[in-house]
Structures are given as C-alpha cells and as structure tokens.
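Dear colleague,

I am handing over the structure below, together with some notes on what was found in it. Please read the notes with the structure open beside them.

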Amino acid sequence: MGKISAAITAIGAYVPDFVLTNNILETMVDTTDEWITTRTGIKERRILKEKNKGTSFLAINAANNLIQKTGLDPKEIDLVIVATATPDMQAAPTSVFVASKIGASNAFGYDLIAACSSFLYAASAASGYIESGKYKKVLVIGADMNSSMIDYTDRKTCIIFGDGAGAVLFEPNKEGFGIQDEYLRSDGAGREFLQVPAGGSLEPASEKTIKEKKHFVYQDGKTVFKWAVSNMADVCEKLMNRNNLANSDIDWLVAHQANKRIIDATANRIKLEKEKVMMNIERYGNTTSATIPLLLNDYEDQLRKGDKLILAAFGGGFTWGSIYLNWAYNN
Ligand code: UT7
C-alpha cells in the first residue's frame, strides 16, 4: 500500500464585482497607470463594496463555487481552514461561521493567520491532517478583504492590494500525487516592516489609534521587496535541490502575487521560462492569502495530471516558504 499524500482534488474561487482600475486610482491619489504597471505589474484589483460583508462573504462564495463545480456533499468535509490576514472579527473564528454557512455541519474549523504565507502554511497543515489518515476531506480557503485595512489616501499601499478568495479541497492519494515536500520559514525581524500597528492586543483600538491611522497597513516596501526577492528564490532552490528537480522537471511556478518583479526574479533564479510561471497579478493585485488558490483556479484547465508544481510565498512577519506538489487531475 502506497504512502498517503494530500492531493488537491478540486478548486473554487470568488472575486467581488467592483473593479478598481489604475485609472480610477489616478483620480484618488498622486499616481499614474504607468508607475503602477512598471513597478508592480498590476492593472486592476477587485474590491468588496457591499455593506456589512467581510472576509467570510468572500470565503463562502469561493467554497460554494467549489461545491457547485464538483457536486461535493459539504457534510463530508472534515475540516475547514480559513487562511487569512483579515478575519471577520477577533475571538470568533471566521472559518467556523463559513463552515456552518456552506453546510459543512460535520466539520471543525479554525483560522490560520500568517499574512501572505497563510495559504501555504494552511496547505502544509492540511497535508499533515490528511497524511495522519484521520481526515479525508480538508477544505482550505485563502480569503482576504484587504480593502478593510487599506488607507485609500496612501499611494504606497492602496495601489497594491485587492480582495478575493480561493478554495481548495485536499484528499488522500496513494498514487504519488499531491504534496511531496515543503520548506517553510519565518523571521520576527520582519515585523516592523509590514504590519497593521493597532487593533490587536498590543495596541487596542482607541480614538488616538484612529486619529493616527494605525488601523491601516504600513509597509516599508523596499525592505520587504529585498527580503522577498532573495528568500522566495532561496526556498524554491532548496526544495528543488532536495528533491533532485532540475528546472526542466518543473511544469509550473505558482508564486504569491505581490509584485511582478519579485515573481520574475524568482523565476529567473530557478531558470524557469515565462510560459511556466502562473501570473494574474495584473487583474487582482495582491490578494494576500488568496493569490495562490486564485492562480490555481485560473490555470485549472491548463493543469495536467502529474504536472510538477512549486508553490511559493513571502509576506508579513516575515513568513515565507515553498511547497512541491504533483497535480492530481485533469479538468
Ligand atoms: O505581499 C506581502 C509582501 N509585500 C511585498 O512583497 C511588497 C514588496 N514591495 C514592493 O512591491 C515595492 O516596494 C512597492 C511596489 C511597494 C514600491 O515600489 P518601489 O519600487 O520599491 O518604490 P519605492 O517605495 O522605493 O518608491 C520609489 C518612489 C518614491 O518617490 P521618491 O522618494 O523616490 O521621490 C515614492 O514616493 O516612488 C514613489 N511612489 C509612487 N509614485 C507614484 C510610491 N508609490 C507611488 C505610487 N505612484 N503609487
């Protein structure tokens, strides 16, 4: 009997309707379409405009899309992990609400919060549950409503982020498909360079924190950029060497969409042709925990059973890592 590995067997996705283009941003802050496109690769992003809706709304829609596409009975789901940096609220996990709303009445759930690496870490957690043999269907939803923590008068951050969600189902596989290896890292030295300073236990919300705009994302972009470029490439290289993978063995690089220049630099370091690099940053911007599942959803029709994928992410914390997986199905 083969070893159990955790294979992705289904994907779903959701992005809100409102399209925030670079041209609209030109009317909001001192920026240009040309600057944004050349510095980041982003042309537009989706923003959730409906009142009284949070990250759970995005996650529920992505999960329901997966359920509709596959006919999955939500009662069979054992665990729902919502990977996010923007949970609906503190204390009550978003995942638990999402599980109930999608009819996953036999599942338990929790949120996994690790900035832009949340989805990667959650995929690692899911693989552990599946490989244990105790769980058969683990739903990982990467979902973020970044617009809830962006200052739309700050040109350094408002041009980057968007809202969206992607859901993937992990199931046991004994034929060699699914997650093969992973290399996950973190370094608390990064905390000062990318954060939402207030609203947590360290500095709870107050009139002062609101006046000082401390509930918005602060980023020292240049420092984060430098760390991202070297570390994302390092973990990909390490994983490839450890698994004796040449660049010609890799079918797809599925990299977190934070900046096209970071993705290109990673692809160059591992000598991967442009055609093998999944890219959709131009349409969604940086959706934090949703970038990787949104890529898998957009490229689902092009993926072939047996394709070798390298997933990679870098984000706040700092957190980063890569996962090597064999794709398990043809659509
Ligand atoms: O997903 C989580 C991880 N995050 C990342 O990986 C993000 C990493 N960082 C980046 O992607 C880039 O650093 C940014 C896209 C955020 C910024 O690009 P940059 O090339 O690093 O620009 P910069 O911050 O060094 O700014 C260069 C200049 C500055 O002007 P001065 O000081 O040289 O006169 C900025 O004020 O560009 C200016 N600038 C802008 N100009 C027009 C900054 N933002 C804008 C803007 N439009 N939106």
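**Charged pairs, a surface patch and the cysteines**

Glu 203 is partly exposed, at 23% relative accessibility, where partly exposed lies between buried (under 20% relative accessible area) and exposed (over 50%), judged with a 1.4 Å probe and protein chains only. This is a predicted model, in which local features need pLDDT of at least 70 and side-chain atom pairs count only at pLDDT 80 or more, while totals for chains, interfaces and linings use all residues. Residues are numbered from 1 along each chain as its sequence is written, and side-chain values use heavy atoms, with hydrogens and water left out.

The search of the whole structure gives 15 salt bridges, a salt bridge being a side-chain nitrogen of Lys or Arg within 4 Å of a carboxyl oxygen of Asp or Glu. One of them joins Lys 214 to Glu 203, at 3.0 Å from N to O. Lys 214 sits in the loop between α7 (207–211) and β10 (218–219), and Glu 203 in the loop between β9 (194–195) and α7, so that the pair, eleven residues apart, links distant parts of the chain; helices (H or I, at least four residues) and strands (E, at least two) are DSSP runs numbered from the N terminus. Lys 214 is itself partly exposed, at 22%.

Asp 234 and Arg 269 form another salt bridge, with their closest N and O atoms 2.4 Å apart. Because Asp 234 belongs to helix α8 and Arg 269 to helix α9 (residues 260–269), this pair ties together parts that are 35 residues apart in sequence. Asp 234 has a relative accessible area of 36%, and Arg 269 is likewise partly exposed, at 31%. Through shared partners, salt bridges also join Glu 203, Lys 208, Glu 212 and Lys 214 into one network.

Arg 39, Lys 222, Lys 226 and Arg 261 make up a positive surface patch, for which residues need over 30% relative accessible area and no salt bridge, like charges being joined within 9 Å. Of these residues, Lys 226 lies in helix α8 (residues 221–242) and is exposed, with a relative accessible area of 59%.

As for the cysteines, zero disulfides are found in the whole structure, a disulfide being a pair of cysteine sulfur atoms within 2.5 Å. Cys 158 is in none, since its nearest cysteine sulfur, that of Cys 116, is 16 Å away. Cys 158 is buried, at 1% relative accessibility, and Cys 116 is buried too, at 10%.

With kind regards

Key: Patch = residues over 30% accessible without salt bridge, like charges linked within 9 Å, V, L, I, M, F, W, Y side chains within 5 Å. Areas by Shrake-Rupley, 256 points an atom, 1.4 Å probe, with all protein chains shown as cover. Lys, Arg positive; Asp, Glu negative; His and termini not counted. Charge placed at Lys NZ, Arg CZ, Asp CG, Glu CD.
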